[in-house]
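Subject: Structure handover

Hi,

Here is the structure I promised to pass on to you. Please open it alongside this message, and my notes follow below.

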Amino acid sequence: MANEHYFSSSPESDLKLRTIHATIAGVERELVTSNGIFSPERIDAGTQVLLSNVPAPPPGGNLLDLGCGWGPMALTLALESPHATVWAVDVNERALDLVRANAEKLSILNVNAVLPADVPEDITFMSIWSNPPIRVGKNELHNILLKWLPRLELDADAWLVVQKNLGSDSLQRWMEATFPDNFSFTRAAANKGYRVLRARHHPINA
């Protein structure tokens, strides 16, 4: 495990499934996780902070969980917006397998768990929720945000949770300096050492 990270595409360790109980969309549910992914024992603190501070997702359209892990955000989006199409995106194929298994366990039919390259280029999103993989490094993180945030529909929001001591404030400044003027970035909440950052895509000169 020394060289294995949750952002590895194919974890090398032998798969060891485990059952956990976690509250998803207000109900405690039995879910499956494994080694070789991010936070397999529980819903991590950052994701909990985000889920506690975002408004209800749009009722339809395409919704994105960017860096989905085993799926707590994607499953929440799918249960709260059953008429939406939820894209659960991660580079870790083991994590994607777990999202699919958990969706099946909860009889959820509106989740697509896919690699980033498998999201059709013409799809735009009514909302993006993300606990982004800060530990991939600043340049890679910036590239991820430059790829996905422009795919927000107009008048739509992305919600990012980032630990303060891992650079949430500097990330907000970078986004403000880098993205076009029709994007705005605000701090929506702060709790347990995390910031929830809201990115909004405004119409140009609307």
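Predicted model: local features only at pLDDT ≥ 70, side-chain atom pairs only at ≥ 80, totals over all residues.

Let me start with the nonpolar cores. The largest one has 36 residues, and within that core Leu31 and Trp70 touch the most other members. A further core of 28 residues lies apart from it, including Val119, Leu171, Met175 and Phe183.

Next, the helix pair. The axes of α1 and α2 (residues 72-80) come within 10 Å and cross at roughly 20°. Angles under 35 degrees count as roughly parallel, so α1 is roughly parallel to α2. The crossing is right-handed. On the α1 side, the contact is made by Thr47, Leu50 and Leu51, which meet Pro72, Met73 and Thr76 of α2. By type, the residues of this contact are 4 nonpolar, 2 polar and no charged.

Finally, two residues other than glycine have a positive phi. Serine 39 has a phi near 50° and sits in the loop between β2 (27-34) and α1 (45-53). With a relative accessible area of 14%, serine 39 is buried. Aspartate 155 has a phi of about 65° and belongs to strand β7 (residues 152-163). Its relative accessibility is 46%, so aspartate 155 counts as partly exposed.

Best wishes

Key
Residues numbered from 1 in each chain as written. Heavy atoms only, no water. Helix = DSSP H or I, 4+ residues; strand = E, 2+ residues; numbered from the N terminus. Buried < 20%, exposed > 50% of the residue type's maximum accessible area, 1.4 Å probe, protein only. Core = buried A, V, L, I, M, F, W, Y, C linked by side-chain atoms within 4.5 Å. Axes fitted to C-alpha atoms, helices over the stretch in contact; angles between N-to-C directions. Parallel < 35°, antiparallel > 145°, perpendicular 65-115°, else oblique. Left-handed = near helix turned anticlockwise from the far one by under 90°. Contact = heavy atoms within 4.5 Å. Nonpolar A, V, L, I, M, F, W, Y, C, P; charged D, E, K, R; others polar.
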